Amino acid sequence: MGSQPIIIPWKRYVSILLLIFPTLTSVLAVTHYSIPEEMEEGSVVANLATDLGLDVKTLSKRKMRLDIIANKKYLEVNKETGELYILEKMDREYLCSSKTATTCFLKMEVILENPVRIFNIELEIVDINDNSPNFRRDTIHLDISESTSAGERFSLSNAVDPDIGSNSIKTYYLGESSDFDIEIQTGRDGSKFVDLILKKALDREEQAVHNLILTAVDGGVPARSGTASIIVRVLDTNDNAPTFQKESYTITLPENSPIGSLVVKLNATDSDEGANADVTYSFSLYTSEKTQETFSLNQNNGEIRVKEMINYEDFRIYDMEIIARDKGANSLSGQCKITVLITDMNDNHPDISIKSFQSPIKENVAVDTVIAVVSVSDKDSGENGVVDVHIPDQMPFALKKSSDNYYELIVSEPLDREKVPEYDITFTVTDRGSPPLSDNETITLELLDVNDNVPQFPQSFYTIPVMENNAPGALLSSLSAFDPDLHENQYLVYFIIEKEIANTSMSMLFSINPENGNLYALKTFDYEIEKEFLFHIEARDSGVPPLSSNVTVHIIIMDQNDNTPVIVSPWRAHGSVVDEKIPRSTDKGSLVAKVIAIDTDSVHNSRISYQFLVNTDATLFSLDQYNGEIRTMRMFSYRDARHQRLVVIAKDNGEPALSATVTIKLSTVETALKSYSDMTEVPLEYDIFSDLNLYLVIGLGSVSFLLLITILVTIVLKCQKPKPSKAAPPSRNSVISSERNSTFADSTLVSNDAYWYSMFLAETRKGKLVVRQPVPKGSRYVVSSLPRGTGLTDTSDSAASTLQVRGSFDIEY
């Protein structure tokens with residue numbers, strides 16, 4: 001409804017009218033009150049008890065009530081105080097909707113009983129400025145022609161205000177405008193109307209739309225206002241003629257322009273709109289027939305295109321006049337002049353001709369050799385007839401001018417068929433016209449192969465592992481080389497470069513397929529005899545002269561577990577059974593026997609371990625799995641059997657493992673054997689041991705001398721550091737002889753080579769030790785003496801020795 005009304009003091013009019021009824025005596029009082037609209041709920045209008053002369057204390061007893069005639073109940077009476085107060089806000093515009101009513105009353109009755117009395121009350125609702133002026137349409141549209149004269153009037157929709165009197169609309173205002181003004185009219189009922197006045201003629205081309213703001217203001221305090229937007233659209237009249245961008249155009253056109261080519265697109269503009277701005281184009285009467293035959297004009301978009309073929313030699317200048325006319329009722333027109341200048345065109349392509357060409361040629365052709373001769377020409381004249389010729393960059397060729405319009409193609413860099421087997425050489429000839437024209441010719445130059453590349457192996461060194469015991473004829477590897485040449489220059493033949501090892505030719509050990517380089521073994525290799533071979537293979541092409549290259553091949557023989565361990569101790573006269581005697585009084589931990597086995601395989605496959613297969617009494621004997629020593633675990637008792645049977649297996653570390661067994665039969669005796677001192681008392685035994693001692697002294701002296709010589713030779717060789725032979729690698733054997741804390745020497749040999757044999761020779765027969773040792777010339781051996789022990793065998797007092805020999809040997813007892 002608007003802002004909160006301001007409460008103003010109201011006037012109170014009280015009139016009392018006494019009416020005398022025949023049957024009922026009552027006094028009807030008429031009381032007038034005046035209040036502003038929009039008073040807050042609970043506001044006190046007046047004290048009826050005071051104004052009507054009623055006792056406040058009797059209001060409740062007399063059942064005082066308020067009735068509002070023909071309306072809602074907007075007021076109520078407080079029966080405790082007799083005050084008349086606002087129960088609900090009142091809107092004068094709602095209660096008295098008639099615009100013509102200048103006053104607005106609300107009629108009520110106050111009724112009391114005992115005695116009955118009725119009072120009439122009139123409440124006047126006074127208007128406040130709680131409503132703003134409002135236009136029926138927020139936007140007013142007007143169409144005014146630009147030909148309308150100044151002073152023309154246009155009626156506008158007026159604003160309305162539900163308030164009355166001074167709170168209603170008082171005046172109108174128009175926003176700032178140099179083209180329009182307003183005039184306000186007052187009606188008979190006091191309402192205000194407004195007209196829009198045109199101050200001067202409008203120009204649509206200058207401003208097609210005018211936006212105005214109309215404001216209505218009422219007379220309240222403070223004043224309220226409302227606005228409406230006025231949009232004036234200026235209607236066009238055909239008052240502008242079409243105009244071209246320029247009055248004259250000069251256009252250059254080359255001869256031989258294709259038919260339909262665009263010469264120029266004219267654009268005449270008209271500031272009007274609609275049909276007044278639609279423009280059509282036409283030739284004027286001043287345009288010649290020749291011009292109109294040569295060129296066409298599109299009457300709708302102004303495009304001028306080539307209609308017939310143009311020849312510079314026939315006609316060089318064309319003049320034409322174009323008229324642009326609009327489609328208005330009273331059409332207007334404009335015109336322009338066009339001059340078309342025909343220019344000479346480079347319309348002849350240059351020509352290239354191959355006069356001489358040599359192909360194929362060898363790839364080793366000399367630099368500056370002439371390969372081809374070409375000639376060029378152009379039918380045009382001037383710059384259009386001057387031509388330039390070139391070949392692609394990054395090619396090993398160059399063009400050399402020999403005479404007018406003749407060029408030679410020469411080799412500028414060395415050629416290589418293996419990189420580029422042939423060349424597609426394109427000659428491009430271009431004239432200097434505008435735009436330039438060109439032509440090209442392509443020749444294919446093929447290169448012939450020359451044997452200029454040596455065969456190439458993928459590797460410079462081949463290491464080929466071969467397992468021993470291979471089948472003869474087995475394929476070892478494929479050693480294929482590559483030669484980038486062609487034909488016979490590419491055909492390769494493979495050879496093994498002859499080399500002898502131990503008087504044996506390599507061609508007797510290996511074979512190579514001369515066509516594909518497959519390498520084969522011709523014999524079965526034994527790792528224990530031959531460990532590696534080093535030789536060269538050559539690949540040779542079939543060119544003239546032939547070219548070749550070689551590669552080093554290193555054959556490594558790999559060991560297999562193909563040798564069964566051999567038990568060399570204890571000595572066995574026949575079969576694999578050994579008979580031994582041992583006193584029953586032998587102490588715990590005494591050495592009973594020592595099993596020694598040897599294996600000619602490599603270190604890994606020759607590692608021997610010992611185990612019992614049969615042990616008559618597992619509590620009596622123990623076997624060291626590493627050195628093969630059999631010792632007593634306790635002393636013999638009367639319950640133990642007199643004969644014990646031990647079966648020992650010696651097993652290597654190969655895959656699968658190989659083994660050998662020995663059976664030792666032990667017999668216990670009650671008394672110890674005679675000592676060496678007792679035995680010397682017998683003349684016969686004395687002679688035997690005297691001879692044995694003599695042999696041992698001589699052997700020990702010889703061995704010591706040989707050992708000293710060996711040490712000196714070894715020192716000299718170490719100092720010289722000779723270069724190892726490729727055919728047979730140097731020996732990498734080492735010998736370690738050590739003593740153990742036992743009655744027998746430990747003959748276990750630590751070596752990198754399986755060719756070393758180790759054996760324990762301490763057995764005698766009838767007091768004599770006979771060793772037959774044929775040693776190959778050049779073989780090396782080491783004799784290490786064993787300490788004397790307290791063994792209870794026939795050799796308890798004899799000197800034992802261990803013999804390690806590289807090579808084969810046999811022993812005779």
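Modeller: Happy to! Let's start with Arg-631 and Glu-629, which form a salt bridge whose closest N and O atoms are 3.2 Å apart. By salt bridge I mean a side-chain nitrogen of Lys or Arg within 4 Å of a carboxyl oxygen of Asp or Glu. Glu-629 is buried, at 9% relative accessible area, whereas Arg-631 is partly exposed, at 22%. Those words have cut-offs: buried is under 20% relative accessible area, exposed is over 50%, and partly exposed is in between (1.4 Å probe, protein chains only).

A word on the ground rules. This is a predicted model, in which local features need pLDDT of at least 70 and side-chain atom pairs count only at pLDDT 80 or more, while totals for chains, interfaces and linings use all residues. Residues are numbered from 1 along each chain as its sequence is written, and side-chain values use heavy atoms, with hydrogens and water left out.

By the salt-bridge rule, the count comes to 22. One of them joins the side chains of Glu-40 and Lys-89, at 3.5 Å from N to O. Glu-40 sits in the loop between E2 and E3, and Lys-89 in the loop between E6 and helix H2 (92–95), so this pair ties together parts that are 49 residues apart in sequence. The element names come from DSSP runs, numbered from the N terminus: helices are H or I with at least four residues, strands are E with at least two. Both partners are partly exposed: Glu-40 has 35% relative accessibility and Lys-89 has 32%.

Next comes Arg-417 with Asp-449, where the closest N and O atoms are 3.0 Å apart. Arg-417 belongs to the loop between strand E30 (406–411) and strand E31 (422–431), and Asp-449 to the loop between strand E32 (438–448) and strand E33 (461–467), so the bridge ties together parts 32 residues apart in sequence. Here both residues are buried, Arg-417 at 7% and Asp-449 at 17%. There is also a network of salt bridges, which links Arg-65, Asp-67 and Glu-113.

Now for the nonpolar surroundings. A nonpolar core is a set of buried Ala, Val, Leu, Ile, Met, Phe, Trp, Tyr and Cys residues joined through side-chain atoms within 4.5 Å. The largest one has 30 residues, and the members touching the most others are Val-45, Leu-48, Leu-75, Met-90 and Leu-123. Elements that give two or more residues to this core include strand E2 (25–36), strand E3 (44–47), strand E4 (65–68) and strand E6 (83–86). In general, nonpolar side chains in soluble globular proteins tend to be buried together.
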